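Take a look at the structure first, then read on.

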Amino acid sequence: MVDYIKEIERLKKEKNAVIMGHYYQKGEIQDISDYIGDSLALAQYAAKTDADIIVLCGVHFMGETAKVLCPDKKVLVPDMNAGCSLADSCNADDFKKFIDEHPGYKVISYVNTTAAVKALTDVVVTSSNAKQIVESFPKDEKIIFGPDRNLGNYINSITGRNMLLWDGACHVHEQFSVEKIAQLKQVYPEALVLAHPECKKTVLTLADHVGSTAALLKFAVNSGKKEFIVATESGILHEMQKQAPDKIFIPAPANDSTCACNDCNYMKLNTVEKVYNALLNEQPEILVDRALAEKAVKSIRRMLEISAQLGL
């Protein structure tokens, strides 16, 4: 039987490869990743790595982002079926029509989008930097924000802006149950509720702290509290528990969930065996049309530049 962990280490050295894993991946994937982080961190890692091969353990748009930033590197995604409901909610042709119908607007797009949408965008944001990047524009700037309406509404509420929002959402964050979170609060009355800004407003109203995946992790680790109800994709609990083993992390359930969790099925498609096969065969490979990539990279690099200036 193949010792996948041992073989992955061998192949990484042999091929000068690096594994980048998102916080929403299975724990076994996070444990073998050289770099682990949220979307902003993974983009920052990709932009500066000297590896020849990047194995991006996340979903398809993350692989595209890495490829756009590193056109001369080989970017692999262990399972090409790992899509994203939020990215799928914003078709590039429809988004272009929306932009054309609103001339004079700057376009800010969430990183959870295809390269084709990023090519239509002035600057990309992640949940880690969306507030700061929006505030870097003049207060009277007319802005289109897509595709996540929940994140857009949240940013509008904390910045006083009135951005025009595309009507998209993440199926995981959209499904958290206010009623079930309230029930958990009765069982764990001392627990703080941590919520990602992709959640609906009704969930965010219950939250003690709202932030990106990385921000929720940092808050939980540094907090003096011992119990947390976490309203984001449950993969982050693996790293939370690693960094704060003495604390209790309870995943917030979804409306239609029969289990006490809320997973992204796309994120969970990647496995250690698939990572091994990707490295061995150098497939499946993310390919992005050069002309499209040259347009898309401008909005991503703008995000990285602003983030660097703001110390993010």
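Start with the contacts: of those in the protein chain with a separation of 6 or more, 64% come from residues 24 or more positions apart. Keep in mind that this is a predicted model.

How does the radius of gyration of the protein chain fit with a compact globule? For 312 residues, such a globule would have a value near 20 Å, and the chain has 19 Å, so the two agree. The C-alpha trace spans about 50 × 50 × 35 Å along its principal axes. As for the surface, the protein chain exposes about 13,600 Å², with carbon and sulfur atoms supplying 49% of that area. Buried residues, meanwhile, make up 55% of the 312.

**Inside the fold**

In soluble globular proteins, nonpolar side chains tend to be buried together. Here the largest nonpolar core has 81 residues. Those with the most contacts inside this core are I54, V68, I108, I229, M240, F249 and M303. Helix α16, covering residues 290–309, gives the most to the core, with 7 residues. There's also a second, separate core of 15 residues, and A17, I29, I32 and V275 are among its members.

Leaving aside residues up to four places away in sequence, I229 touches I181, L184, K185, A191, L192, V193, L194, I250 and A252.

**The rings**

The count of aromatic pairs comes to 5. Take Y4 and Y276: their ring centres are 5.3 Å apart and the planes sit at 55°, so this pair is tilted; edge-to-face would need an angle over 60 degrees. Y4 belongs to helix α1 (residues 4–15) and Y276 to helix α15 (residues 272–281), so the pair ties together parts that are 272 residues apart in sequence.

Elsewhere among the aromatics, ring pairs link F95, F98 and W166 into a cluster.

Key
Residues are numbered from 1 along each chain as its sequence is written. This is a predicted model: local features need pLDDT of at least 70, side-chain atom pairs count only at pLDDT 80 or more; totals for chains, interfaces and linings use all residues. Side-chain values use heavy atoms; hydrogens and water are left out. Rings of Phe, Tyr and Trp (its six-membered ring) pair if their centres lie within 6.5 Å; planes under 30 degrees apart count as stacked, over 60 as edge-to-face and the rest as tilted. Helices (H or I, at least four residues) and strands (E, at least two) are DSSP runs, numbered from the N terminus. A nonpolar core is a set of buried Ala, Val, Leu, Ile, Met, Phe, Trp, Tyr and Cys residues joined through side-chain atoms within 4.5 Å. Buried means under 20% relative accessible area, exposed over 50%, partly exposed in between (1.4 Å probe, protein chains only). Contact means heavy atoms within 4.5 Å. The radius of gyration is taken over C-alpha atoms; the globule rule is 2.2 Å times the number of residues to the power 0.38. Accessible areas come from the Shrake-Rupley method with a 1.4 Å probe; for residues, only the protein chains shown count as cover.
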